Amino acid sequence: MVVGLGWAGAIIANGLVDAGLSVVGVERGPWRDTAKDFNIASVTDELRYSQRQELMLRTAQNTITMRNNPSQTALPMRKWGSFHPGNGTGGAGNHWAGITFRFQPEEFHLRSHLEERYGADSIPDELSLQDWGTDWNEMEPHYDAFEKIAGTSGRAANLISGRQAGGNPFEGVRANDYPTPPLKQPYSPTLFADTAREMGYKPFPVPSSLVSQTYTNPLGVTMGPCTFCGFCTNYGCANYSKASAITTVLPALIRKDNFEARTHCEVLRVTTDSDGRRATGIVYVDSAGRQWEQPAEIVVVAAFTFENVRLMLMSGIGEAYDPATRRGTTGRNYAYQTANSVQLFFDDKNFNPFIGAGAVGMGIDEFNNDNFDHSGLGFFGGGSTRVTPIGAAPIQARPTPPGTPRWGSQWKRATVDNYASTMSIGCEASNYSSPNNYLSLDPTYRDRLGRPLLRITFDFTDNDLKMAQYVTGKVVEIAKRMNPRQMIPSPRTGPWDGRPYQSSHVVGGFIMGVDPSTSSVNKYLQVWDVPNLFVVGASAFPQNPGYNPTGTVGALAFKAADAITKHYLRNPGEMIST
Amino acid sequence: MSGKEAGCAVFIDRQLAGPYGDFERLYMHGPFQDGIPQQGDQSPLTPRQRYRIGLAALNDHCRNELGAPFADLSEEQRDRVLSQLEADEIKLDDIDTPLFFEAILQNTMEGFFADPIYGGNRDMASWRMLGFPGARYDYRDYIERHNEDLGLEPVSIAGRSDWNTQG
Ligand SMILES: Cc1cc2nc3c(=O)[nH]c(=O)nc-3n(C[C@H](O)[C@H](O)[C@H](O)COP(=O)(O)OP(=O)(O)OC[C@H]3O[C@@H](n4cnc5c(N)ncnc54)[C@H](O)[C@@H]3O)c2cc1C
Ligand code: SF4
């Protein structure tokens, strides 16, 4: 039984099916297919997909409530702002951007690493950083497997066989290069990379699961080259170029006899036996509103961070986290991403900003994570600095300098003048978990079925706000050298605001670790004390580094599938004893 | 070209008549309460109600203060009223002024810049103005032509008028 047919659910379902198990995948949204849902004749529709959020979960079906701290009353997010959760087969992977980083080796033992480098007392009390309980050597093959499924394009710098120029020198050592070569680059990333290189940095093409050439993956599914259409992030791809479960896994999986997909079926909870030590199946509601109980030998929950945690809270799995006592694990260590940027206005440049793709671009990693010395800086963490022009459909992409009126003739002139000559450098930075940031069930607001919504209590920590200032300052140095007419730095400042889009990289709440008192799953994504229940996704991240999550979500899905088929099936029970 | 000439009013009418008009897809359960700004729009009013209440209140205001409904004011007067709405200097009956103003601004911009299939952006006027080529899907031959005016004519999801040749 697999709950959710996005990236994680589809990968695991396929692994279990290939091991001979009968698998039922239950998905709350529709079955999505490129030809019918993302047709080239109608997919270039900004109003429908970006403004009206066609592919996203409808908040009428399910949303979250939010507040910055426990003294406030959480209110529902009625329209998606800060993040854009998905729905239907492929999940958020249909409308994602496709940037596909691996986390660095130190990330998997971040707490130990920082204590070792900066001293046992160096981590402030406001941060609840943890080790993952796994390591690079265990993760690397699974990253490799995910990149091969997705056809990820890029250039490796650090191969077992030796170093090569042009890739990201901060990457952990890899067995293989990327499956497809880097994408061609538009003007703004090229300009950025040239400047960064002059300053002594090492720019590299952003690793991207938008394939650069025709590619057939190990499941025999073929993808076509990205055409830089610029209707990418928040849209589905009409070219079979953007990797998602529907373009890489499900076309093969759905043809296998021992797999069945039930769509428009929303899982309400995981059922357990009387002492709660064994999952017995799930309860779901179908599109006609009928409830079904489906027994299962193994339950895998892969319903994206929010719903993974909500289903666990609703099913009474683990103890709910309490920030006052810092006890409990379900809902613990919720974290986000600290998104910073610098906007550059030029007079003499034409970037043709409509040419773009969610993950085309150039980046540098000198200011990311622990790639620079943090001694005396008063913060930890950092960000991935990059220029990734995603396209410029004009309901949303109309940059004008601050102070420009929002309508009228001056507005029109400024809009025309700046449309093609403005670019932006982003710095997608880490977000380190804190005891005050957590997920719980909302006491007031309920979904259409009368069940409590998930409540987010979150704000940026001092650590992250200091980090944001520092990394944005570094980006400003590069931006200055590019010599724009005007430059607007936007380091992230508090409080967390649910309105503007920042990223859908919500992580934690059901985290991975070595100790059942501070984590929910072991390194095989197996729930402590409920050995036939696996909860997979970014919910397992103990904190969020300065990278996008999905490379790691995919790797964890392969890791869980591998553990279940190679170890659990032979010896069903706890794979790690405590 | 003004928003009206571009078809923004037609656009807004059609949007309000469809699923957007009553926020059919959005979470509209109470209790409705004002929060902190970062919690976003918490109004129980649907777009249709925002326009119905807001337009009536605006006309009341204009009649009382300026002697004529909004549509009959001079262009200068209308601009002044809009600026006052934007600055929240006019109090409207039964609706928060910013809620009403922001709906109008957002929907007008949507109409002006969306694909013409929705009734606004007539003749792709806004896209021509910006140099946005519209519903194209393949820039492989252009991506490495840097810092160049590519001179691409826009095209809509419904095509382009000069494609409709007789034959
Ligand atoms: C606009 C956008 C841009 C992004 N860009 C990037 C990027 O560039 N790089 C990157 O690394 N990541 C990016 N992401 C994040 C990425 O999409 C997610 O990390 C990834 O999709 C997570 O995979 P998942 O399988 O955990 O969840 P999903 O892909 O969301 O799949 C979860 C599935 O579970 C289903 N489900 C949920 N609840 C239930 C239930 N109760 N019953 C039944 N089914 C249920 C959902 O409908 C969904 O299909 C982006 C996301 C968005 C929205
Ligand atoms: S930019 Fe490339 S990957 Fe993205 S939707 Fe367009 S063709 Fe597909």
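How many residue pairs are in polar contact between chain A and chain B? In this predicted model, the count is 32 residue pairs, with both partners at pLDDT 80 or more.

Start with the interface as a whole. Chain A gives 68 residues to the contact, and chain B gives 63 residues. The size of an interface is often given as the accessible area lost when the parts come together. Here the two chains bury about 5,500 Å² between them. Carbon and sulfur atoms account for 60% of that area.

Charged pairs also cross the interface. There are 4 salt bridges between chain A and chain B. Look at Arg406(A) and Glu86(B): their side chains form a salt bridge, with N to O at 3.1 Å.

Now turn to ligand 2. Which chains supply the residues around ligand 2? Both chain A and chain B do, so the site is shared between chains. The shell holds 14 residues. Four cysteines are among the closest: Cys226(A), Cys229(A), Cys232(A) and Cys237(A). Ala357(A) is also in that closest group. By class, the shell has 9 nonpolar residues, 4 polar residues and 1 charged residue. The space that ligand 2 takes is the second largest cavity.

Ligand 1 comes next. It has 37 residues around it. The nearest are Ala8(A), Glu27(A), Gly88(A), Ile99(A) and Thr550(A).

Asn87(A) places a polar side-chain atom 3.4 Å from an oxygen atom of ligand 1. Gly98(A) uses its backbone: a polar atom there is 3.2 Å from an oxygen atom of the ligand. Val267(A) also uses its backbone, with an N or O atom 2.9 Å from a nitrogen atom of ligand 1.

Methods:
Residues numbered from 1 in each chain as written. Chains lettered and ligands numbered in written order. Predicted model: local features only at pLDDT ≥ 70, side-chain atom pairs only at ≥ 80, totals over all residues. Heavy atoms only, no water. Near = heavy atom within 4 Å. 1 Å grid on protein atoms, 1.4 Å probe; cavity = no way out; pocket = protein on both sides within 12 Å on 5 of 7 lines; lining within 4 Å. Sits in = over half its atoms within 2 Å of the grid points. Nonpolar A, V, L, I, M, F, W, Y, C, P; charged D, E, K, R; others polar. Contact = heavy atoms within 4.5 Å. Buried area = accessible area lost by both parts, 1.4 Å probe. Polar contact = N/O pair within 3.5 Å; in protein donor to acceptor, adjacent residues only side chain to side chain.
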